[in-house]
Structures are given as structure tokens and as C-alpha cells.
Amino acid sequence: MMHNDNLFTALRAAFPADLDGVAVETDDGLRYSWRDLDRASAMIANLLQGLGIVPDASLAPPRVAVQVEKSVEALILYLATLRAGFVFLPLNTAYQSAEIEYFLGDAAPAVVVCTSKNFPWVSKLALAAGTRHVFTLNGDRSGSLLERAVRCGERQTPAQRGPRDLAAIVYTSGTTGRSKGAMLTHGNLLSNAQVLKDYWGWQPGDALIHALPIFHVHGLFVAIHGALLNGSKMLWHGKFDPRRVIADLPRATVFMGVPTLYVRMLADPALNKGQAAHMRLFISGSAPLLIETFNDWKARTGHAILERYGMSETVMLTSNPYRADARYQNQSERRGGTVGFPLPGVSLRVRGEDGADVPTGEIGGIQVKGPNVFRGYWQMPGKTREEFTADGFFKAGDVGKQDARGYVTIVGRSKDLIISGGYNVYPAEIEGYLNDMPGVLESAIVGVPHPDFGEVGVAVVIARPGMQPQAEQLLAELRDRLAHFKIPKRCFVELELPRNTMGKVQKNLLREQYKGLFA
Ligand code: MLC
């Protein structure tokens, strides 16, 4: 048979020989066998391929935009999209109409899948964006997608794909022109999954607790590819509930979470060494893991959380070591506060403002290159060029350093970005909305420390002369329009914003002023 670089082909090849074994077990008691994943994804792929979609001017394969609640069927839809050779476009369930309108308009998907509840407004936006096929899929397995798919054949040969062909578009955030669709290829995703399988020591008998959303890189790619490529069972949690995850630990070996999940589990007295004794590996990413959390976790469970670093554009870039490994010299301990070493195959360098390498241990902009690094931003060749160096390194947008042993530490960001509970929030986007509201002259949003979410946004608003905008009212208006995780947790109406002599708002002073707000 001809070799196929379709990511699905590699995942499928890793299914265990016994297709009747349990592949996914949900927290509401459902079991899906490997055969179920295979058959159902074939049926949905046949449905997609049978829609008669013709390539559009972008020449990219058809995009399938998906905004649905977390379910195993949503996972199967992802697999089906790969099989069909289409491009998966996952959307945060928190996004509201302004956000969805932008993504659908920008990506022009041929197919949109949403919940029945959102169908009235999503279908309208989809039709306006030129989408001809809108299906529904709900958490209880109802909806037109499955109704249509059950009538399709259960055999399907994965579409022939090369490593540079698109598999997914992941939007970096926001609704404004700034939001960019990162184009990830079959080769990006598979190479990264293979490296992680080895680096994290995936082994027979592993079972993963999957408690993250599946519309971002962490839950969708790192977690799901990890389990599937190892033929490992997933214990599937529809929503993160610390108590239920702790209860499942004795049946699992691997857990992946953003720091907020660890903080919330630590707050539960049921977490202890005995409960975590069966676990092999706890992995954290998507936001900085505080050293206190790392230390508390070690004391409570006996496990050192393995922190790794990545982003939508690159999937995973660096990782603390799983074990001392002769192949990776000097790499032994998991060091809290660092994100470990560049993964095998990833070149990472730290560059100063002048574009030259900084001396070891000094701070600069992180740049990366490797088979995992995305192909570029969807239909933004200019933005893509800006973010890559002449010699092909991607400017990650994070500020960091690498010590003499190779450990990488992230110390800040070169873009104005807040990471809240593992979600990226761009102040400029929210400020844009605030500045357009009646009574608002200008605004500034800064991130401040928060015990649960790590960091949250705080808005400072300046009133137009003679006007008195009310902070609560402004937040309520934002809440009507934007995903709620983006809404600043507090808003203050002040007389003026601190500025430097150049007239630039000094956000560092605001951060300092409000840093104790949630302490
Ligand atoms: C929810 N809220 C948040 C929030 N999540 N606010 C700020 N930051 C967040 N992350 C809001 C809700 O809208 C709600 O507001 C209020 O906070 C209380 O919600 P909650 O019930 O406490 O939230 P919950 O549903 O429990 O969600 C918290 C969470 C979730 C931590 C479980 O945020 C989450 O799953 N985060 C993981 C994100 C993730 O997967 N990131 C990976 C990105 S990939 P209101 O107003 O509605 O009441 C990536 C690359 C990489 O970054 O390297 O991995």
C-alpha cells in the first residue's frame, strides 16, 4: 500500500490489536471501544467526503469549524476530519457571536458544526460566511451530524496526505483583525506526538485522565494524540471537577492540566500520596506553574510535576525530563520554575534586540525551528513573514533564558498578553471594545496575580469629560459580547492613565498598583 502521511493513519496504526478493548471511558459511564472510534470516524468522514465540496480559491482543503460541548463524539469528529483530509478548526465554547463571526468570515469553512442551542445564530453567521453545510452535535449525542452519519458506510480509506498538508487551523485569540489562524500540518502534529511519546516515556498499560477542553492545543493535540499514539485508554471528564479527577487517579497513570487544575486539586483534602501512588506522570502547561504549586504538589503527592512549554503555532517546544536518559545528556531532574529542555528536533535560541544570540543565562526573545513549527498564519503572508527570521526561526513572542545545562526559563512576554487559567487574553482586544463604549475616553487592561487563575485582567477606564460610566455596567456590556473568560475581573474608573514622557501608557505601574487586589 502507498505510504500515507495523514495523521489519522498513524494514530489508527497505533490502535491495539484487540479493537474491542475500551478506548475511552466517560465520567457518565459510557464506554467506547477502539472499534467504535474507527467505525464512527469512518462514517463521519464518509459524510464529509460525500457532501460534494469543491476546493475554493484558497486551494486549501475544506475547513470544518466546530463549536460544540466536549464529548467523545466531538473527538470522533476530529478524527473523521483528519481521515477525510479536511482541516479541523476548533472553537472555544465560550465564544459569542462577534467572535464566531470573525472566525467563520476569516476561515470560510465549508462545514460548521455547532450545538442545537446555538444553531439559530451560528447558522446565520455561517450562511453569511458562505458555508453551505451546518450540522448540530450535542453533548447527549443528538443532532443532525450523527443522524446523517449513521446512514454512511463504515469503511473509509484515509485521504492521501503529505506531511506539509494542512490538518488544522487554530486561532490564537480574539475577534479583532489581530487574531491569526495558525496553520498546522499533518507533519507538524505527528512529529510532535511521536517525540512526546518517547520523551514522556509512554508505555503499555498507561491510562490518561482527560479533563481539559478539546478546542485548544493542550487538550486536543497533546493529550489526545499522546493517548491514541500509545493505544492507551482515556478516562474522559466532560468538565474538570477536582474531586472526580482525584477519585480517578488510582485507575490512571498520566494526567495533563493547566496550573489552575493543580491549584484546585491541591485545595481538596482528598488529594494525598496514597491516592496518587498509581500515577506515573503529572504534566503541566499552557501557563506558568508557580514554584509554590510545584512544591506543594510534591509534598502532597510525592510527584514532581513535569512542566513543558508550547503554543498553538508550534505545539510542544520544550519539556522537563521524564527520566534520566543517556540519550539526552545531563537531563535528569524536573526543575520547578523552568520549562526544561528543547525537545529532540527543536532548535531553540535566545536573541537580543539586535538580533544576535545573547550570552548563556541572559534574557532575550525565544526563537524556534523544527518539524513541529507551523506553516504560517491563514491568509496572512505579511504577518507570517514578520514572525519568522530570514533563516526560518519563528519568533515565539516569549522572553526567556537558557542556562548552561540547557534548562529554559520563560520570564515574560514580548506581546501584551494575559494568560488566565490557561487561556490567552489580549488586552488590546478588550480595550478596543471598552473604548467604543459611550462615556469611555480610553482604557488599559493589565494582568494581575490571582490565586485560582494565576493571572486575571483588571480594567482601568478613563471617562469622557462630563460623563460618568459605571464600572459594573461596562463589564456587563463586555459580557454580552465576548467570551466570559476574557472579561476583566475588576474595573476601575480613574482620572488618568500613567504615561511616560513619550505618552505611552505605563502598564507596569498599573500592574504594580493593582497587584494585591486578589492576594
Ligand atoms: C472560566 N472563567 C475564567 C476562566 N475560565 N476566567 C478567567 N480565566 C479562565 N481560564 C470564568 C467563567 O467564564 C466564569 O465567569 C467564571 O470565570 C467562573 O468560572 P468557573 O466555573 O470557575 O470556571 P470553570 O468552568 O471551572 O473553568 C476554569 C478552568 C477552565 C480552569 C477549568 O478555564 C479551563 O479549562 N482552562 C483550561 C484552558 C486550556 O485548556 N488551555 C490550553 C490552551 S493551549 P462568568 O462571568 O461566566 O460567571 C495552549 C498551548 C499550550 O495554551 O502550551 O498548552
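## A helix across the sheet

Helix α7 (residues 186-199) lies across β14 and β15, running at about 30° to β14. That angle is taken between lines fitted to C-alpha atoms, for helices over the stretch in contact, on a scale from 0 to 180 degrees between N-to-C directions; contact here means heavy atoms within 4.5 Å. Helices (H or I, at least four residues) and strands (E, at least two) are DSSP runs, numbered from the N terminus.

Keep in mind that this is a predicted model: local features need pLDDT of at least 70, side-chain atom pairs count only at pLDDT 80 or more, and totals for chains, interfaces and linings use all residues. Residues are numbered from 1 along each chain as its sequence is written, and side-chain values use heavy atoms, with hydrogens and water left out.

## The nine-stranded sheet

β14 and β15 belong to an open sheet of nine strands with mixed pairing, in the order β2-β1-β10-β9-β11-β12-β13-β14-β15. At the edges stand β2 (31-33) and β15 (341-342); each has a single partner strand, so one side of each is left without a neighbour in the sheet. Two strands count as paired if DSSP finds at least two bridges between them.

Looking at one pair, β13 (residues 306-311) and β14 (residues 315-319) run antiparallel and share four bridges.

## Around the ligand

What surrounds the ligand? There are 24 residues around it, and the closest are R264, S286, R308, H484 and K489; a residue makes the list if one of its heavy atoms lies within 4 Å of the molecule. By type, the shell splits into 10 nonpolar, nine polar and five charged residues, with Gly filed under polar and Asp, Glu, Lys and Arg under charged.

A ligand nitrogen sits 2.8 Å from a side-chain N or O atom of S420, and a ligand nitrogen is 3.0 Å from a polar backbone atom of G421. On the oxygen side, a polar side-chain atom of H484 is 2.8 Å from a ligand oxygen. The protein covers 75% of the 1,000 Å² of accessible area that the ligand has on its own (Shrake-Rupley method, 1.4 Å probe). Elements giving two or more residues to the shell are α8 (217-229), α10 (259-266) and β13.

## Further along the chain

β16 (residues 347-351) and β17 (residues 364-369) run antiparallel, joined by five bridges, with R349 partnered by Q367 in β17. β17 also pairs antiparallel with β19 (residues 394-402) over four bridges, where Q367 has K395 as its bridge partner.

Definitions and conventions:
A polar contact is a pair of N or O atoms within 3.5 Å; within protein, one must be able to donate a hydrogen and the other to accept it, and residues adjacent in sequence count only if both atoms are side-chain atoms.
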